[in-house]
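Trainee: I am new to this structure, and I would like to learn how its features are read. Could you take me through a few of them, step by step?

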Amino acid sequence: MQEFEKTISFGGRDIHLRGGLLAPQAGGAVLVQSGETTVLVTATRSTGRQGIDFLPLLVDYEERLYAAGRIPGGFLRREGRPPERATLICRLIDRPMRPLFPQWLRDDIQIVATTLSMDEQVPPDVLAATGASIAVLLAKIPFYGPMAAVRVGLVGDDFIINPTYKEVETGDLDLVVAGSPDGVIMVEAGANQLPEADIIEAIDFGYEVVQDLIKAQLELIKELGIEVVTEIEPEADPTLETFVVEQTTAAVKDVLKQFELSKPDRDIKLDAIKDELTATIETLADDHPAKLAVAANGKALGTTYKAVTKKMMRQQIISDNVRVDGRKLDEVRPISCRVGLLPKRVHGTGLFQRGLTQVLSVATLGTPGDAQMMDDLHPDNDKRYLHHYNFPPYSVGETRPMRSPGRREIGHGALAERALVPVLPSKEEFPYVIRVVSEILSSNGSTSMGSVCGSTLSLMDAGVPITKPVSGAAMGLIKEGDEVRILTDIQGIEDFLGDMDFKVAGTDTGITALQMDMKITGLPLQVIADAINQAKPARLHILDKMLAAIDKPRTELSPYAPRLISFKIDPEMIGMVIGPGGKKIKAITEQTGAKVDINDDGTVTVSAIEGEKALQAKALIESIVFKPAAGDVFAGKVTRVIPIGAFVEFMPGQEGMVHISQLADYRVAKVEDEVNVGDEVIIKVREIDGRGRINLTRLNIHPDEAAAAREAAALR
């Protein structure tokens, strides 16, 4: 391919494109740069595989720590398994790209985005997503694009396009909107309880820029003499579909009208119709077109029956405004909520059930040392709130090997995490590291929003002082021509047959997170706005059910949760607390059984299961960094005796000298006549000289001062 360069300017930002130089054997490759953040995106197509009935699209996002001038940690000192944030970027690219490939396409397609340079100002994710569209166009892969993605931030009252990391952190919105020529195709956002109207306005603001980026891509490929490839779908033999429709329509419609059926019972009846259809095919003459079609492709019958069933389900919703379980379009399934289900050794639990979707969320409180260290290109180095999502096979009545979390599990956990972060207490107010694990015990649609609800319950049960409870609902959509039906609280079968999965989470004040994925090539803003607004009453209804189970965070923590005490010391005293080779801090830990974490800014966090142990460790640390003043009275112990006086340790690691003249109010001939090593004595700080030496005295100490000093020493 010929080399090219092009600069796209929008919203005060520039994106520089360069192609034809790197990765010459890839189907298409483009270098996308904004600021000093540079991403190489490639798209490659290989020969299709026989016997598969899905689009084999693979999207990979690769981070290289040299991009930020860093060497990876760990023993190997090289990049290994992608970090969680990299996996989320893979999904961010995949989700808007996948609907734009023809669904009949069976060729292997791989998109690889590699961040080669990063200035820690410009996030690479939206650059990679837009670059994926350009690479596919350059590779001449069939594609209903172009597609582009932008990030929208809100700083003050102003929306900004592609904000820096700092602007995202200080603002109230982090929204990514992706679109095609047909409309918005993906939205993902975290927000600080923003009203629905603000979110809709932000999507509209972002899509205007998306249209400019789409126009620029069309101009680029025109300049290069490349046309958007939209190969015609191979004509399917209608014989089998016609036969399936004739044989199953009445029976399938009858099942779909039995609203009282549970999901398992409905599936059994639909499978029985398919089995009967298979038996009917067997009885046909060998030269019957339907039998020939099945013989030519063993999966053809199952695929066709699935498509016909899906079409009838959609028609029922469009024509009758009734769903397969008999609900109205805006009706939420029955809800139940429970807290404290597990013993208090588990710090907090919430069980949330909506229809057949059941989620058990468990909250665990940890110490600052439990924060997750992030070894990736993102400027944030650690996380103090962790949300993990597990989807075992039994949750859908299946069996399969259980491996490490997949991209879907990581993505759903991140969405729930994003929904709850805005309501978490500050580190100063609640210094705990918090981990919530959502176990999906039963799945029939919207488990990610069930995780949000269950986790809110578990956090309140654990005594985490969240500012507001968060609930969530998943919205669906059926679009046939100009007819559009928005569905509230979709279940699994509606996700399968529908055109949209739109998850909205928030408080009674506003939205904290949303995620929209499409199965069609785009939607107008008005339909998206209607879905957002229809989600609000559903969220509030669910929230009422949750508050009936627990209306506010508990005031006391589990007796097995660590007790944390956080306080500040002079950063210059950190070395004194740690001691040579960690000797002092290790001694404190062994003596009290408490755990001690010290930050570079002098913040000390002491944790222990028993509060008294934490207080004891705090007292020991404070004694080390304590700076005495003239007149302070202490109970101390004689450590050394010399001819002119005695040295007394009055605080751990701190001692001063009592001159022989200050041992008694009469003349002392010999120090040992008054004190010896190991004696406990009450002393007062007489002065601290210019060299920092502490001079002590035993004279002029009031009995009340002596009693107070003994009590303080007993606590140390």
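Mentor: Let us begin with one residue, while keeping in mind that this is a predicted model. Glu201 has a relative accessibility of 44%, which lies between the 20% and 50% cut-offs, so Glu201 counts as partly exposed.

Trainee: Where is Glu201 placed, and which residues form the negative surface patch with Glu201?

Mentor: Glu201 lies in helix H4, which covers residues 196-223, and the negative surface patch is formed by Glu201 together with Asp204, Glu208 and Asp212.

Trainee: Is Asp94 buried or exposed, and in which helix is Asp94 found?

Mentor: Asp94 belongs to helix H1, made of residues 84-97, and Asp94 is buried because its relative accessible area is 13%, where buried means under 20%. The C-alpha atom of Asp94 is separated by 7.9 Å from that of Leu58, although the two residues are 36 residues apart along the chain.

Trainee: How many aromatic pairs does a search of the whole structure find, and what describes such a pair?

Mentor: The search of the whole structure finds five aromatic pairs. In general, a pair of aromatic rings is described by the distance of the centres and the angle of the planes. For Tyr389 and Phe391, the ring centres are 6.4 Å apart and the planes are at 10°, so this pair is stacked; both Tyr389 and Phe391 are buried. For Phe430 and Tyr432, the centres are 4.7 Å apart and the planes are at 40°, so this pair is tilted.

Trainee: Are Phe430 and Tyr432 buried or exposed?

Mentor: Phe430 is buried, with a relative accessible area of 7%, and Tyr432, at 5% relative accessibility, counts as buried too.

Definitions and conventions:
Residues are numbered from 1 along each chain as its sequence is written. This is a predicted model: local features need pLDDT of at least 70, side-chain atom pairs count only at pLDDT 80 or more; totals for chains, interfaces and linings use all residues. Side-chain values use heavy atoms; hydrogens and water are left out. Patches are made of residues with over 30% relative accessible area and no salt bridge: like charges are joined within 9 Å, nonpolar side chains (Val, Leu, Ile, Met, Phe, Trp, Tyr) within 5 Å. Accessible areas come from the Shrake-Rupley method with a 1.4 Å probe; for residues, only the protein chains shown count as cover. A salt bridge is a side-chain nitrogen of Lys or Arg within 4 Å of a carboxyl oxygen of Asp or Glu. Lys and Arg count as positive and Asp and Glu as negative; His and the chain ends are not counted. The place of a charge is taken as NZ of Lys, CZ of Arg, CG of Asp or CD of Glu. Helices (H or I, at least four residues) and strands (E, at least two) are DSSP runs, numbered from the N terminus. Buried means under 20% relative accessible area, exposed over 50%, partly exposed in between (1.4 Å probe, protein chains only). Rings of Phe, Tyr and Trp (its six-membered ring) pair if their centres lie within 6.5 Å; planes under 30 degrees apart count as stacked, over 60 as edge-to-face and the rest as tilted.
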